[in-house]
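Reader: I would like a close look at one part of this model, the metal site. Please also cover the aromatic pairs and the pockets. Keep it brisk.

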Amino acid sequence: MKVKILGCSGSEAIGHNPPGFLVNDVVMLDAGTITAALSIQAQSRITDIFISHTHLDHIKSLLFLADNVIGRIQQPVNIRAIPKVIDAIKKHLMNDLIWPDFTKIPTAKNPVLAYKPFPAGVPITVAGLKVLAIPMNHPVPAVGFMVSDARSTIIYSADTGPNEGLWKVASKSKNLKAIIVDTSFPNSLDMIAGLSGHFTPAQLHADLTKAKVKSTVPIYIYHIKPVHKKKVISELRALGRKNVKVLQEGKTYNF
Ligand SMILES: [Zn+2]
Ligand SMILES: [Zn+2]
């Protein structure tokens, strides 16, 4: 499974882009970064976009993608998310006020975007990938995704604080090649991390200590806040866990 990291930061700043992962050139996990990182031709190849939750850093590139690929694609790009996320995007984002409703443009019959809600806990198959939405611990309805092909499985937590359910799913996954997990804030901001539904390195360590996940499975950290990056990385290193690495923006991973 080929995964290109278009962005994996917990905010936007020069050299730091919000989350967006391109899987096998055609499927996106989150849409924080698409259009600033891909050619128009590469953008036009995307068929499906899985959205973890409605926070702007995970959806904003949807808007510009719709604009860029209009007239270049034969089929609508499918926006796949749990129903509450789809409803919020409809109501608060592509509502013909903040942005046009691209599920009716250029025509309602053959639009640029199509909403495809699906429930957490029930896997669906898209572009040869099996995708399962897993509920996360975040202040708004949010899921992470377990993505599998015939050979490999990866888990993307999206935004979450401590989460027993995540590790339970991970411990049962076959062919698990990577877990991409949120660690946004340094240990000193424990309270803010708790309020906003993100991990600190110490909280991640506590969860991993309880989890029954093999210590050989790489844990890739994403969503570090750019202003806290140095501190978070040094605290992660201090954990002494060899399988904990920092996800690299712009890199393509073959899992
Ligand atoms: Zn969030
Ligand atoms: Zn986020």
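Author: Rings of Phe, Tyr and Trp count as a pair if their centres lie within 6.5 Å. By that rule, ring pairs link F21, Y156 and Y222 into a cluster. The model is a predicted one.

Start with the metal. Four residues coordinate the zinc ion (ligand 2): D57 (OD), H58 (NE2), D159 (OD) and H223 (NE2). The distances run from 2.1 to 2.2 Å. In sequence, the donor residues follow the spacing D-H-x100-D-x63-H.

What is the arrangement of the 4 donor atoms around the zinc ion (ligand 2)? It is irregular, because the donor atoms subtend angles of 91 to 167°. Four donors count as tetrahedral if all angles lie between 85 and 135 degrees. For reference, the ideal angle for four tetrahedral donors is 109.5 degrees.

D159 bridges the zinc ion (ligand 2) and the zinc ion (ligand 1). These two ions lie 3.6 Å apart. H58 and D159 link distant parts of the chain, 101 residues apart. H58 sits in the loop between β4 (48-50) and α2 (60-69). D159 sits in the loop between β10 (153-156) and α4 (164-172). Both H58 and D159 are buried.

Now the aromatic rings. The model has 9 aromatic pairs. One of them joins Y220 and Y253, edge-to-face. Their ring centres are 5.2 Å apart, with 70° between the planes. Y220 belongs to strand β12 (residues 219-222) and Y253 to strand β14 (residues 252-254), so this pair ties together parts that are 33 residues apart in sequence. Y220 and Y253 are both buried.

Y253 also pairs with F255. This pair is stacked, at 5.5 Å centre to centre and 10° between the planes. Y253 has 6%, so Y253 is buried. F255 has 12%, so F255 is buried too.

Next, the pockets. The largest pocket has a volume of about 310 Å³. Its lining holds 19 residues. Nearest the centre of the largest pocket lie I224, K229, I233, V246 and Q248. Three elements each supply at least two lining residues: β12, α7 (229-238) and β13 (244-246). Of these, α7 gives the most, with 4 residues. β12 is also the strand that holds Y220. By type, the lining of the largest pocket divides into 9 nonpolar, 5 polar and 5 charged residues.

The second largest pocket holds about 250 Å³ of space. Its lining is made of P162, N163, E164, W167, K168, S171, D207, K210, A211 and K212. Here α4 and α6 (201-210) are the elements that give two or more residues. α4 gives the most, with 4 residues. The loop that carries D159 lies between β10 and this helix, α4. The lining of the second largest pocket divides into 3 nonpolar, 2 polar and 5 charged residues.

Methods. Residues are numbered from 1 along each chain as its sequence is written. Chains are lettered from A and ligands numbered from 1 in the order in which they are written. This is a predicted model: local features need pLDDT of at least 70, side-chain atom pairs count only at pLDDT 80 or more; totals for chains, interfaces and linings use all residues. Side-chain values use heavy atoms; hydrogens and water are left out. Rings of Phe, Tyr and Trp (its six-membered ring) pair if their centres lie within 6.5 Å; planes under 30 degrees apart count as stacked, over 60 as edge-to-face and the rest as tilted. Buried means under 20% relative accessible area, exposed over 50%, partly exposed in between (1.4 Å probe, protein chains only). Donors are N, O and S atoms within 2.8 Å of the metal (3.2 Å for Na, K and Ca); water is not among the atoms, so sites may look incomplete. Four donors count as tetrahedral if all angles lie between 85 and 135 degrees; four count as square planar and six as octahedral if opposite donors are over 155 degrees apart and all others between 65 and 115; anything else is irregular. On a 1 Å grid over the protein atoms alone, a cavity is a set of points where a 1.4 Å probe fits but cannot get out, and a pocket is an open set with protein on both sides within 12 Å along at least five of seven lines; lining residues have an atom within 4 Å of a point. Grid points are joined across faces, edges and corners, and a volume is the space filled by probe spheres set on the points. Ala, Val, Leu, Ile, Met, Phe, Trp, Tyr, Cys and Pro count as nonpolar, Asp, Glu, Lys and Arg as charged, and the others, Gly among them, as polar.
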